[in-house]
Amino acid sequence: MIPELGHFALALALALSLLQVGVGFWGAHRAEARLMAATAPIAAGVLVAVGAAWACLAWAYVVNDTTVLNVVQNSHSAKPLLYKLSGTWGNHEGSMVLWVLILALCGGAVAGFGANLPSALQARVLAVLALVSVGFLGFILATSNPFDRVWPPPPDGQGLNPILQDPGLAFHPPLLYLGYVGSAVTYAFAVAALLEGRVDAAWGRWVRPWALAAWAFLTLGIALGSWWAYYELGWGGYWFWDPVENASLLPWLAGCALLHSAIVVEKREALKTWTVFLALLAFGLSLLGTFLVRSGVLTSVHAFANDPARGVFILGLLAAFVGGGFLLFAWRAGTLAPAGLFAPLSREGSLVLNNLLLCSIAAVVLVGTLYPMFADLILKEKISVGPPFFNTATLPLAAPLIGAMGFGPVLPWKRARLLPALQRLWWAALAGLGAVLLCLAIEGYRIGPAIGFGAAAWVIGAALADIADRIALFSRPRAALARARGLPRAAWGGALAHAGLGVTILGLAGMGLATDKLALLKPGEATTLAGLEYRLTGLRDVQGPNWTARRATLEVRNGDRLVTVLEPDKRSFAVSRMNTSEAAIHTTWLSDLYAVLGEERDGGAVVRLHHNPLAPWIWLGGALMALGGGLSLSDRRMRVSAPAAKGLKAGARA
Amino acid sequence: MSAMRQHPHPGPPPQGGGGNASPPPLAGGRTHASDQGGGDSATTGGRRRLLLLAPLGVVAAAGVGFYAMLRGLSTGSYDPKGVPSALIGKPAPDFALPPLAGADRPALSAADLRGHNRPVLVNFFASWCVPCVIEHPILMRLAKDGVPILGVAYKDKPADSLGFLQKHGMPYARLGVDQPGRVAIDWGLYGVPETYLVDKDGIIRWRWAGPLTEDTLKAQLQPLLKKYA
């Protein structure tokens, strides 16, 4: 009964969304105040219906209702409650429900907090969001019903892929979806702006928090996914340029460019066409990721099981939303009047450079991801484009981006001079140079990591210099504290996000110095790696809630001092007949000691040991970037109205 | 900051027809220089239109490509799982596997791939693999049609393999047990099930990772069996 209710709720949500599309577009077109006002309550209704559907699915999982096919395929009564719940989105059908739920939440937020939006803009934005919702609800109901029944019910479920039973991965998809779906809102704003033929500072001020929120969630989601790959897959790496990873990186890059160019629209009313384009692009790339992961056109550890019929449906949605968006763009973007002139060397100029470089990186990643697929299709040739291509192609673009990143925030709007900027940043540049030399002195001739450390020191130094300059730390140190309090949170957030990227680069550079070793150890034997001694002291069987494991005990010593005891597992999950390696990781923040248990032979065990300097900083930096985004979002000025007058003035001046 | 200090051109822009009415210069982001360079609007208007159409063109081309891939997925002409085997066109790697106790089939070694005077299939399977169950009826039919199928039980307990074959039928002419999975590594196994076509001279001609289906059979395997017969 409950699953049928869920199914009905989805159908109801589809009907309400259709209504929202009609009422929103028609009301805005005819300027009917009552129709436009009706879109917000309808959006709330969609949210309630989709929320109910998700709750029904969650209920089926929690009580382990084996008459529901989705539960049978993806859950098991022996699974801990957290993974029963995360199991609702750990599969194709359920994850689509979560996707639509988040979309409905975004629609609800635009409806609830959008009272001060121009009513026609709000109605159009809600109508576009409802259109997206119609597409995906239709997709769920037509091809991927999570509430399908199975009769007779099997005694128990088939379990969830054990490598997905992990707290990191439990929250990875929701965060990613928050990012993907958040970009649907900026897309909706872009489409509404094209329909109205108007982009102004107020529009920019509305788009920016959404772009920022979507980007921050995507940052967290990607960082969490990368961290998960690091500790769960047991390969000792953190990013593999896997097509599915790239699929999440692409909207991140576009979203990053978007949130920067939206600043220019808001402050200076320039780059309008470009910002609208980026908003369309960011959502387009999100949908592209959805298509790649779910259609079966590529294989990856992350991809869902799938069939081509679904692929055709998603491709149709992709064509409708992205094609439709760009069609509208080609037709209407010419009417967006630019204002706000600026010199190449200015805040705007640096943001344009940021946009160009971010988009170039996105283009490289896109080509590298799609090229093997198209080569297979057209040339009938199997090629794999791996890390060497991505590293050599993106790093030369990342270098000027990182260089410009330091300059951007200290440049004034409209027109800047180089000398004052250099004066503010000379010690950040010095720190960068110092880091390069220090690394070369300690580690020998390792150019890649040395440049990485230099870049990290530069970015972090420049963020500090920016803040120091804004609070006049050196020129008027006594008033600095008061000025720091008065500094808008957006400034702190921006600096924190930039510094966060610096911290991530620090971690990446450290990982450039990682070493590893494969050793066959009998109990009692030891091996050394990076100055530490690893001694195998025991091998035993252990029993977990739904797995059994072989566990090795490794004592790690630095001279006579016991540093830590590492206990890597090799787990087998009885229900799904899968084996996983649980890496044992001890972090000192300066480095990770990482051990993986391999097969046992000749009375000993093969262990793989990694010494990963600064590894945790990669994800710490990601968290800082997201935190910076959050801090920026909490800025009073983000809550519209306040700067409206200023925005108008800026527009008038230009 | 006074209005006069803004750099490019104080007063009406040189494009003429001041302000919002004039066709805007090239997309702001692309070439900010044109925002202040004052290029002639007649030619930039056309180029701008083209530029605005470009994304649509890229999307359309990609869409056609993706559609072709999806079509190819169902016909078998496009297969992302078809990891290229380095062994295609090369002799099968040397190996010798023990027989499966109780299966009443001889053991399998590299020498057994030749001497059938016709192409043979080498099929890696395991009792714990669900797609193996799905492809099993097709193997049974091929065996009935007289195609020699040589089986390798991959990383499986012998008793489980035996139970699997007793339950679903025995399509294999010869059967080797690769419990440690060592031979599978030499073959470059991608996963189970996986099937190789080896010609009369012991050269590997084709590899299929994943379950054999009716489509694969018709579109690929049967023509190849004829070609190398």
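**Exercise 1. Find what share of the residues of chain B is buried, and describe the order of its elements.**

Step 1. A residue is buried if 20 or more other C-beta atoms, placed from the backbone, lie within 10 Å of its own, exposed if 12 or fewer, and partly exposed in between. In this predicted model, buried residues make up 33% of the 229 residues in chain B.

Step 2. Helices (H or I, at least four residues) and strands (E, at least two) are DSSP runs, numbered from the N terminus. Chain B has six helices and seven strands. Read from the N terminus, the order is α-α-β-β-β-α-β-α-β-α-β-β-α.

Step 3. Two residues are in contact if their C-beta atoms, placed from the backbone, lie within 7 Å. Of the chain B contacts between residues at least 6 apart in sequence, 69% join residues at least 24 apart.

Conventions: residues are numbered from 1 along each chain as its sequence is written, and chains are lettered from A and ligands numbered from 1 in the order in which they are written. As the model is predicted, local features need pLDDT of at least 70, side-chain atom pairs count only at pLDDT 80 or more, and totals for chains, interfaces and linings use all residues.

**Exercise 2. Is A:Q20 buried or exposed?**

Step 1. A:Q20 lies in helix α1 (residues 2-30) of chain A.

Step 2. A:Q20 has 29 C-beta neighbours inside 10 Å and therefore counts as buried.

Step 3. Beyond four places in sequence, its contacts include A:T39, A:I42, A:L126 and A:A130.

**Exercise 3. How do helices α9 and α12 of chain A run relative to each other?**

Step 1. The axes of α9 (residues 243-268) and α12 (residues 347-379) of chain A come within 9 Å and cross at roughly 160°. Axes are lines fitted to C-alpha atoms, for helices over the stretch in contact, and angles run from 0 to 180 degrees between N-to-C directions.

Step 2. Angles under 35 degrees count as roughly parallel, over 145 as roughly antiparallel, 65 to 115 as roughly perpendicular and the rest as oblique. α9(A) and α12(A) are therefore roughly antiparallel.
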